[in-house]
Amino acid sequence: MLGIRAILMKNRSLVSIDDFSTEEILRILDLTEEFEKEPTRKLLEGKVVATLFFEPSTRTRLSFESAVSRLGGKIVGFSDALNSSVSKGETLNDTILTVNNYCDLIVMRHPIEGSARYASEIASVPVINAGDGANQHPTQTLLDLYSIRKTQGTLDNLNIFMVGDLKYGRTVHSLMMAMSRWNTTFNFIAPEELKMPDEFKLYLDNLGLKYYEHSDFTDIISKADIIYMTRVQKERFSDPIEYEKVKNVYVLRNSMLKNTKPNMRILHPLPRVNEIHQDVDSNPKAYYFEQALNGVYTRQAIVCSLLGIK
Amino acid sequence: MKETKQMSVSAIQNGTVIDHVPANNLFKVIQILGLDRIDNQITFGTNLESKKLGRKAIIKISGVFFEDADINRIALVAPDAKLNIIRDYEVVEKKVVEVPDVIVGIAKCMNPKCITNFESVTTRFKVVSKKNVTLKCHYCEKITNQENLQII
């Protein structure tokens, strides 16, 4: 029998991490733990999940498809808008109203911000936002939270280092806002061009949470519980010389990890380019590939919750 | 002085007078309240002198009494507007506008990548600050502030 919280989550959409209360987030994380123990079950037999990827994504789409397939569900959809009726000029409204006749749940990624919220308002089935432009990517945030809780044993009172592109990176913004529920201390390490935007710092100020900004992190790395690395993209810099100056400051190397805490783990939403040197991969503190695996279990927990199966 | 003003925009017997509208937003107020689509008698004056606003406009609408929720829709463009409710040539009630908590279908989201700028979606904002009106888009979650505010 489903508990009261499970009933409350049934038929809801997940568009933004703020759609879920702290209790609901914790419930998803607990369910994720269950799926990690037993990821292959026939819970979604007879269910059809549509994956509508209006822009290409490898990891997120495959992770969702793997999650659903392992639970016996079927997948329909497209992985590129060029192969869909969108290329013929169909509106998102019409695509959603058509597709929701064919499936029990929609997973969508779309380059336009707010598209998933809009889709969730017109669809008769739950919608999971798998990324809407630079706005939200809540399943990434939930798998990040799961990875943090699993490696640290708690979400409370942690010191999180966010490194790289803190200006445009939607994953860091969502994770920062989600982690602010658990008295986190933040260290933001970014070049001047890619600093955390003021609106997010204001958000932390209003909550009375501590954050520190740095341009380099070699001296302070020993304080970190989690280092969340992101890609510094060359095209974000107006001046190529500026990029050349900073590009190596934000590359994590194995030699830098000597004095780090034993519990410290390195996370990265992937794909990585060169910001984590390959010599880090064999260090037990490197956690990014396990983090990607956790994505499958997290998405199983989310899909089953929204369908009211778990 | 008072008499001259009354002459420029004639008095009404019953209805609503909206005063202290910024002159440059007069037509936005008319549009938001849908005054261009009703049959009632309406007179307005604009570019009138105002100590507070520099140049103000005034609108007199015969036979129309607004609900608070309707009148608050003009708060984005005329935050200092004052309403006089007139019955039999007398002011029987005065009202001020209040910025509502949610703005639906009046403002444009300033984010060019927002869905509301691509498909026919009614815009919807949460008002995060009422003092210096700051709106958060319900769809793309980006902030539109007073400087970027555009009325649809």
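Colleague: How many other C-beta atoms lie within 10 Å of A:Asn11?
Modeller: This is a predicted model, in which local features need pLDDT of at least 70 and side-chain atom pairs count only at pLDDT 80 or more, while totals for chains, interfaces and linings use all residues. Residues are numbered from 1 along each chain as its sequence is written, and chains are lettered from A and ligands numbered from 1 in the order in which they are written. With C-beta atoms placed from the backbone, a residue is buried if 20 or more others lie within 10 Å of its own, exposed if 12 or fewer, and partly exposed in between. A:Asn11 counts as partly exposed because the number is 13.

Colleague: Phi of A:Asn11 is near what value?
Modeller: Most residues other than glycine have a negative phi. A:Asn11 sits in the loop between helix 1 (4-9) and helix 2 (22-37) of chain A; helices (H or I, at least four residues) and strands (E, at least two) are DSSP runs, numbered from the N terminus. A:Asn11 is not a glycine, yet its phi is positive, near 65 degrees.

Colleague: In which element is the place of B:His20?
Modeller: B:His20 also has a positive phi, of about 60 degrees, although it is not a glycine. B:His20 is partly exposed because 19 C-beta neighbours lie inside 10 Å. Its place is in strand 1 (residues 15-22) of chain B.

Colleague: Which strands of chain B stand at the edges of the sheet?
Modeller: Two strands pair if DSSP finds at least two bridges between them. In chain B, five strands make an open sheet with antiparallel pairing, in the order 2-3-1-4-5. Each edge strand has a single partner, so one side of it is left without a neighbour in the sheet; these are strand 2 (42-50) and strand 5 (90-96).

Colleague: In strand 4 of chain B, what is the bridge partner of B:Gly15?
Modeller: Strand 1 of chain B and strand 4 (residues 82-87) of chain B run antiparallel and are joined by five bridges. Within strand 4 of chain B, the partner of B:Gly15 is B:Ile86.

Colleague: What is the hand of the β-α-β crossover from strand 1 to strand 2 of chain A?
Modeller: Strand 1 (residues 48-53) of chain A runs parallel to strand 2 (residues 74-78) of chain A, with five bridges between them. A crossover is right-handed if, with the strands pointing away from the viewer, the path from the first strand over the helix to the second runs clockwise. Here the chain passes through helix 3 (residues 59-70) of chain A, and the crossover is right-handed.

Colleague: In strand 3 of chain A, which residue is the bridge partner of A:Leu52?
Modeller: Strand 1 of chain A is mostly covered, with five of its six residues buried. On strand 2 of chain A, A:Leu52 is paired with A:Phe78. Five bridges also join strand 1 to strand 3 (residues 105-110) of chain A, again running parallel. In strand 3 of chain A, the partner of A:Leu52 is A:Met108.

Colleague: Which residues have the most contacts inside the largest nonpolar core?
Modeller: A nonpolar core is a set of buried Ala, Val, Leu, Ile, Met, Phe, Trp, Tyr and Cys residues joined through C-beta atoms within 7 Å. Helix 10 (residues 288-306) of chain A gives the largest share of this core, eight residues. The core has 118 residues, and those with the most contacts inside it are A:Ile106, A:Met162, A:Tyr228 and B:Val29.

Colleague: How many residues does the contact take from chain A?
Modeller: Two residues are in contact if their C-beta atoms, placed from the backbone, lie within 7 Å. Chain B gives 14 residues to the contact, and the number from chain A is 13.

Colleague: The peptide bond from A:Leu270 to A:Pro271 is cis or trans?
Modeller: Most peptide bonds are trans. A:Pro271 lies in the loop between strand 9 and helix 10 of chain A. With omega near 5 degrees, the bond from A:Leu270 to A:Pro271 is cis.
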